Amino acid sequence: MNTFQNKDGKNILLKMVTAIQENKAYLGEIDGLIGDGDHGMNMNKGFTLFKERFANQAFSFTKGMEELGTILFSEIGGSMGPIYGTVLMDTAEAGENLQDISLTNFHHMLTAGLNGLQEIVEAKVGDKTLIDTLSPAVDALKDSIDKNLNFADALTNMKTAAELGRDSTKDLVAKFGRSARLGERSRGVLDAGSVSCCLILNAMADGILELL
């Protein structure tokens, strides 16, 4: 199929939760190299709160994204809570009225999330932030649409683009956040936000693939 039903999206969110929980220590380790080391802890807190509150309830893909985004925005520490909260809530809002979600719909939703983020932060591709992961992933979906690829192949391409974007941050100099104070010394380390974004996008793609 080239669509999945919005109402069946619960497992996608749970895969996202698992991806963050299983990589809590890794995210903290990366963040600790050039940041304050709390990224894994804060992200795990938010995703775990979501699971504790909603794992036993029925919810759609967009409703789950909205609830997770709200928790991240308002209940976890650090700068990444509002950032991820905005991305997820704007993504959800763009698709909240959909019953069936197509590749074009999904691209539109993630584009809305990226646009929402760029309204609150000045970072762009090359600044060593999660935008280095999210923006190429969105571009890969658009490229797949232009090439008339099916949803599954587009998701595979999105994952590849997200991973390449994540890896690109290792050779970049941080322009934002605590690590920006290090200047050239921030080079040689992955950006923690780009890593968590890649984890989330890959888990999201894997969850959708199971529904196609």
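I take helices (H or I, at least four residues) and strands (E, at least two) as DSSP runs, numbered from the N terminus.

The model is predicted, so local features need pLDDT of at least 70, side-chain atom pairs count only at pLDDT 80 or more, and totals for chains, interfaces and linings use all residues. Residues are numbered from 1 along each chain as its sequence is written, and side-chain values use heavy atoms, with hydrogens and water left out.

**Asp-8.** I began in the loop between strand 1 and helix 1, where Asp-8 is found. I use buried for under 20% relative accessible area, exposed for over 50% and partly exposed for in between (1.4 Å probe, protein chains only). Asp-8 has a relative accessible area of 33%, so I logged this residue as partly exposed. I then looked for a polar partner. A polar contact is a pair of N or O atoms within 3.5 Å; within protein, one must be able to donate a hydrogen and the other to accept it, and residues adjacent in sequence count only if both atoms are side-chain atoms. The side chains of Asp-8 and Lys-7 make such a contact at 3.1 Å. I also checked Met-109, 101 residues from Asp-8 along the chain; the two C-alpha atoms are separated by 17 Å.

**Helix 1 with helix 4.** Next I took helix packing. Axes are lines fitted to C-alpha atoms, for helices over the stretch in contact, and angles run from 0 to 180 degrees between N-to-C directions. Helix 1 (residues 10-22) and helix 4 (residues 61-75) cross at roughly 35°, and their axes come within 7 Å. Which residues of helix 1 meet helix 4? I found Ile-12, Leu-13 and Met-16, facing Phe-61, Gly-64, Met-65 and Leu-68 of helix 4. Contact here means heavy atoms within 4.5 Å. I sorted by class: Ala, Val, Leu, Ile, Met, Phe, Trp, Tyr, Cys and Pro count as nonpolar, Asp, Glu, Lys and Arg as charged, and the others, Gly among them, as polar. The contact of helix 1 with helix 4 has six nonpolar residues, one polar and no charged.

**Gln-21.** Gln-21 is in helix 1 too. I read a relative accessible area of 27%, so Gln-21 is partly exposed. Not counting residues up to four places away in sequence, Gln-21 touches Asn-44, Thr-48 and Lys-51.

**Helix 2 with helix 3.** Helix 2 and helix 3 (residues 39-54) have axes 6 Å apart and pack at about 145°. Helix 2 supplies Lys-24, Leu-27, Gly-28 and Asp-31; helix 3 supplies His-39, Gly-40, Met-41 and Asn-44. I logged two nonpolar, four polar and two charged residues in this contact.

I then followed Asp-31, which lies in helix 2 (residues 24-34). Is Asp-31 buried or exposed? Asp-31 is buried, at a relative accessible area of 13%. Beyond neighbours within four places in sequence, I noted contacts of Asp-31 with Asp-36, Gly-37, Asp-38, His-39 and Ala-192.

**Aromatic pairs.** I searched the whole structure and found six aromatic pairs. Rings of Phe, Tyr and Trp (its six-membered ring) pair if their centres lie within 6.5 Å; planes under 30 degrees apart count as stacked, over 60 as edge-to-face and the rest as tilted. Phe-4 and Phe-151 have ring centres 6.2 Å apart and planes at 45°, so I call the pair tilted. Phe-4 is in strand 1 (residues 3-5) and Phe-151 in helix 8 (residues 151-168), 147 residues apart. Both are buried. Phe-50 and Phe-59 pair edge-to-face, at 5.5 Å centre to centre and 70° between the planes. I found Phe-50 and Phe-59 buried as well. Ring pairs also join Phe-4, Phe-61, Phe-106 and Phe-151 into a cluster.

**Core.** A nonpolar core is a set of buried Ala, Val, Leu, Ile, Met, Phe, Trp, Tyr and Cys residues joined through side-chain atoms within 4.5 Å. The largest has 60 residues; Met-16, Phe-47, Phe-61, Phe-106, Leu-134, Met-158 and Met-204 touch the most other members. Helix 9 (residues 192-209) gives the most to this core, with 11 residues.

**Positive phi.** Lys-128 is not a glycine, yet has a positive phi of about 65°. Lys-128 is buried, at 1% relative accessible area. Asn-148 has phi near 60° and is exposed, at 71%.
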